[in-house]
Amino acid sequence: MDIRTFVNMTSRAWSIPILSSLHAGVAGRQAPLLAATGASRTAFAQSINHLIAIGLLDRNPGHGHPLRPEFRLTQLGVAAAAIANKINNVALDHDHGLLRRSWTLPVLTAIHTPRHFNDIKRNLHTITDRALSQSLKSMEVKEWVCREVDGAARPPRSIYRAVNTGAMISSVTAPEIVFA
């Protein structure tokens, strides 16, 4: 999977839990998926519509009531769901709030090896300085990212690396994502 698809996939809060649930065998109907993810109906509907729009899910034709459709993974969605399931298996229950933020997973993937701020930004084409800074700070608070200052460089530069749960998630996602 390329980084642009991954960034787009993670831009909705409930995309990873929905994909992970489908990969784990939860029925592709609204009620079982809502129960498995814990999402609100509105957020769930937005995430489902987004996943359909980017080609990871489609409606299963001929199945389900028009008001209660059934969803299935597309070919690209199967690969995305496998990654989502690995992420969910690594993350602890109290960490799922951070996982639902837009840039957490792409940033962790970008810092699979220690990187400077500008190197991370270069790999994530559409991220703003502010979004990257906020994402790194929130992960630093949870101790998913460690920031070290390279004092030998002039001017001194920060180096970020994934640690603890962040390192486990990074090791799961980085081999699967291609930066182009």
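Some terms, quickly. Helices (H or I, at least four residues) and strands (E, at least two) are DSSP runs, numbered from the N terminus. Buried means under 20% relative accessible area, exposed means over 50%, and partly exposed is in between, with a 1.4 Å probe and protein chains only.

Now the ground rules. This is a predicted model, where local features need pLDDT of at least 70, side-chain atom pairs count only at pLDDT 80 or more, and totals for chains, interfaces and linings use all residues. Residues are numbered from 1 along each chain as its sequence is written, and side-chain values use heavy atoms, with hydrogens and water left out.

How confident is the predictor? pLDDT is its confidence in each residue, from 0 to 100. The protein averages 89, and 97% of the residues score at least 70. Confidence is lowest in strand β1 (residues 57-65), at a mean of 78, and highest in α9, at 95.

Back to α9, then. It has 13 residues, 129-141, and at 1.5 Å a residue it should span 18 Å. The expected span is 1.5 Å times one less than the number of residues. The end C-alpha atoms of α9 are 18 Å apart, which agrees.

Which residues of α9 are buried? They are A131, L132, S135, L136, S138 and M139. They cover an arc of only 165 degrees around the axis, which puts them on the same side of α9. That arc is taken from the directions from the helix axis to the C-beta atoms. After the helix comes E143, with a positive phi near 65 degrees.

Next, the sheet. It is open, with three strands in the order β3-β5-β4, and the pairing is antiparallel. Its edge strands are β3 (115-116) and β4, each pairing on one side only. Two strands pair if DSSP finds at least two bridges between them. β3 and β5 have two bridges, and R115 stands opposite Y160 in β5. β4 and β5 are joined by six bridges. A hairpin of six residues links β4 to β5.

Now the core. A nonpolar core is a set of buried Ala, Val, Leu, Ile, Met, Phe, Trp, Tyr and Cys residues joined through side-chain atoms within 4.5 Å. The largest one holds 48 residues, and F6, I87, V107, I120 and L124 touch the most other members. Its largest share, five residues, comes from helix α5 (residues 75-90).

Take I87. Beyond four places in sequence, I87 is in contact (heavy atoms within 4.5 Å) with F6, I16, L99, L105, I169, V172 and T173.

I169 turns up again with A91. A91 lies in the loop between α5 and α6, and is buried at a relative accessible area of 7%. A91 and I169 are 78 residues apart in sequence, yet 7.2 Å apart in space, C-alpha to C-alpha.

Last stop, S15, in helix α2 (residues 15-23). Buried or exposed? S15 counts as buried, at 0% relative accessibility. Setting aside residues up to four places away in sequence, S15 touches M9, S47, H50 and L51.

Conventions: pLDDT is the predictor's confidence in each residue, from 0 to 100.
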